[in-house]
Amino acid sequence: MLKDITQTTLIQNKLEESEKMYKNLMDVLNEGVIIHDDKNINYINDKAIEILNLDTNKEEIFIEDINNIIIKKFRERFLNNIQLIISETKEKIINKIELINGKIIEMITTNIKLNEKDLLISIVIDITELENTIMNIEQSEKTYKLLLETLPEGIIIINPNNNNHIYRNESSIRMLKTIGLDKLNESIKT
């Protein structure tokens, strides 16, 4: 008995070609991409491996491997958020996670259907530099506010849109106590 499998072979080849093209596309992205369920990772691109600093010598990488590189206080939330997506309690979850190597990542996770299987896709973005910049700006702001408060001169910052004051230091409050805030705002407007 003979059976013609030409059509099946052609379809299979096209499917493999399409999958290869899809994986190549994922590998050139600047963000990490992980396709997984609650335990197994079906696909992880090179950028995700780089961001997460995962051991590439292992034959397989699991969700537990990612959980082990997260600092303790974020581990339970990471696993719980995966369960929320699987149970469809949440459609999408954005996690800000700190890794044990000091990196801070943002992981966006949602459901996808791939080859008739319900899976998750997680986009991994390294936000360490952004978080450090924000922290430095906040620290500078605190330093400048402290400096302004300790100056013996009175400092008042005015909003140019409505001409009301938006900041005044202690020295200016003491100096202007006699005229009052309403008169200060009137003086500014004129």
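I noted at the outset that the model is predicted. I looked up the strand order and found an open sheet of five strands, S2-S1-S5-S4-S3, paired antiparallel. Strand S2 (41–44) and strand S3 (92–98) are the edges, each pairing on one side only. From one strand to the next, the twist averages 25°.

I then turned to one pair of strands. Strand S4 (residues 104–114) and strand S5 (residues 117–126) run antiparallel and are joined by 10 bridges. I checked which residue stands opposite Ile105 and found Asp126 in S5.

**Helix H4**

I compared its length with expectation: at 1.5 Å a residue, 15 residues should span 21 Å, and the end C-alpha atoms are 22 Å apart, which agrees.

Which residues of H4 are buried? I listed Phe74, Phe78, Asn81, Ile82 and Ile85. Viewed down the axis of H4, the buried residues fall within an arc of 100°, so they line one face of the helix. I looked for what covers these buried residues, and the cover includes S1, helix H3 (63–68), S3, S4 and S5. On the face of H4 turned away from the buried side I found the exposed residues Lys72 and Glu76.

Last, I looked past the end of the helix. Glu88 follows H4, and its phi is positive, near 60°.

Technical notes: Residues are numbered from 1 along each chain as its sequence is written. This is a predicted model: local features need pLDDT of at least 70, side-chain atom pairs count only at pLDDT 80 or more; totals for chains, interfaces and linings use all residues. Side-chain values use heavy atoms; hydrogens and water are left out. Two strands pair if DSSP finds at least two bridges between them. Helices (H or I, at least four residues) and strands (E, at least two) are DSSP runs, numbered from the N terminus. Axes are lines fitted to C-alpha atoms, for helices over the stretch in contact, and angles run from 0 to 180 degrees between N-to-C directions. The expected span of a helix is 1.5 Å times one less than its number of residues. Buried means under 20% relative accessible area, exposed over 50%, partly exposed in between (1.4 Å probe, protein chains only). The arc is that of the directions from the helix axis to the C-beta atoms. Contact means heavy atoms within 4.5 Å.
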